[in-house]
Amino acid sequence: HLIEYDDVMNKQRESIYTLRRELLEGKVRVEETEAVDTRGYLFNISEELLDSLIDTYCPEDQDPGEWDLEALRREAARDFGLEPAEVAGLDFAGRTAGQIRDGIWDLARKKYEAKEAAVGRDLLQRVERDIMLQVVDTQWKVHLYSLDHLKEGIGLRGYGQRDPLVEYKKESYALFQDMKARIDEETVRYLFWLRATADEPLSVRAERHA
């Protein structure tokens with residue numbers, strides 16, 4: 001089974017290395033026929049992250065009176081580098097989930113575009129690429145460590161009639177999906193928390209994880 005275990009990891013490695021190569025080239029494939037630059041990729045994963053927040057805190061199949069809008073404001077501020085006062089200024093009263101989502105995204109996108117206007121597209125694009133690569137590399141190393149532990153422990157469990165290799169494939173896939181979610185979330189937070197300062201063209205505020 002060792003070769004098959006390695007085959008699972010190699011397929012995951014190929015996926016990550018493809019993403020790294022695309023980031024280095026500045027063209028990331030988000031659909032089969034569509035490739036975008038680093039800002040397009042950032043905005044793509046940002047909107048997916050925001051959609052997830054909306055689904056969590058104001059799902060459309062729930063009565064609006066039960067929506068946790070305060071938690072949504074808090075998480076949106078944390079993920080997109082927004083000041084609490086800015087998010088508090090968004091009027092959610094009587095809004096649909098889609099309208100609330102669009103209001104948050106409009107605010108976040110405009111702040112990012114203002115940052116780009118302040119520092120220039122060329123500089124920000126280089127920073128986007130470097131931070132994206134750093135996050136991918138860091139999370140990939142964490143994932144490899146998790147896979148090692150999974151492989152060591154998988155044979156120690158009693159699965160009855162279940163094939164340990166099948167269980168390994170299932171659990172390694174779940175770990176891989178978790179890693180990709182962390183990559184997206186960390187990338188969004190790092191880049192939206194970037195601030196232009198007098199001393200440095202761009203810096204990351206320490207409280208971005210607050």
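Reader: What should I know about the model before using any values?
Author: This is a predicted model, in which local features need pLDDT of at least 70 and side-chain atom pairs count only at pLDDT 80 or more, while totals for chains, interfaces and linings use all residues. Residues are numbered from 1 along each chain as its sequence is written, and side-chain values use heavy atoms, with hydrogens and water left out.

Reader: How many helices and strands does the protein have, and in what order do the elements run?
Author: There are 7 helices and 4 strands, where helices (H or I, at least four residues) and strands (E, at least two) are DSSP runs numbered from the N terminus. Starting at the N terminus, the order is α-β-β-α-α-α-α-α-α-β-β.

Reader: What share of the residues is buried?
Author: Of the 210 residues in the protein, 40% are buried. Buried means under 20% relative accessible area, exposed over 50%, and partly exposed in between, with a 1.4 Å probe and protein chains only.

Reader: And which residues have the most contacts inside the largest nonpolar core?
Author: They are Leu72, Phe80 and Phe192, in a core of 48 residues. At least two core residues come from each of α1 (2–25), α2 (38–57), α3 (69–80), α5 (97–119), α6 (121–154) and α7 (164–192). Helix α2 gives the most, with 9 residues. A nonpolar core is a set of buried Ala, Val, Leu, Ile, Met, Phe, Trp, Tyr and Cys residues joined through side-chain atoms within 4.5 Å.

Reader: What is Phe80 in contact with?
Author: Setting aside neighbours within four places in sequence, Phe80 is in contact with Ser46, Leu50, Leu53, Trp105, Ala108, Val188 and Phe192. Contact means heavy atoms within 4.5 Å. Another core, of 6 residues, lies apart from the largest one and has among its members Val8, Leu147, Leu150 and Ile154.

Reader: Where does Ile154 lie, and is it buried or exposed?
Author: Ile154 is in helix α6 and counts as buried, because its relative accessibility is 2%. Its C-alpha atom is separated by 9.6 Å from that of Glu171, 17 residues apart along the chain.

Reader: Switching to Val87, which helix is it in, and what is it in contact with?
Author: Val87 belongs to helix α4 (residues 84–88). It is buried, with a relative accessible area of 2%. Leaving out neighbours within four places in sequence, Val87 is in contact with Arg73, Ala77, Leu82 and Leu107. The C-alpha atoms of Val87 and Leu72 are separated by 9.5 Å.

Reader: Now the largest pocket: how much space lies in it, and which residues are closest to its centre?
Author: It holds about 450 Å³ of space. Among the 18 lining residues, Leu19, Arg29, Tyr41, Lys180 and Asp184 are the closest to its centre. The elements giving two or more residues to the lining are α1, β1 (28–31), α2 and α7.

Reader: How is a pocket defined here?
Author: On a 1 Å grid over the protein atoms alone, a pocket is an open set of points where a 1.4 Å probe fits, with protein on both sides within 12 Å along at least five of seven lines, and lining residues have an atom within 4 Å of a point. The volume is the space filled by probe spheres set on the points, which are joined across faces, edges and corners.

Reader: How do the lining residues divide?
Author: They divide into 8 nonpolar, 4 polar and 6 charged. Here Ala, Val, Leu, Ile, Met, Phe, Trp, Tyr, Cys and Pro count as nonpolar, Asp, Glu, Lys and Arg as charged, and the others, Gly among them, as polar.
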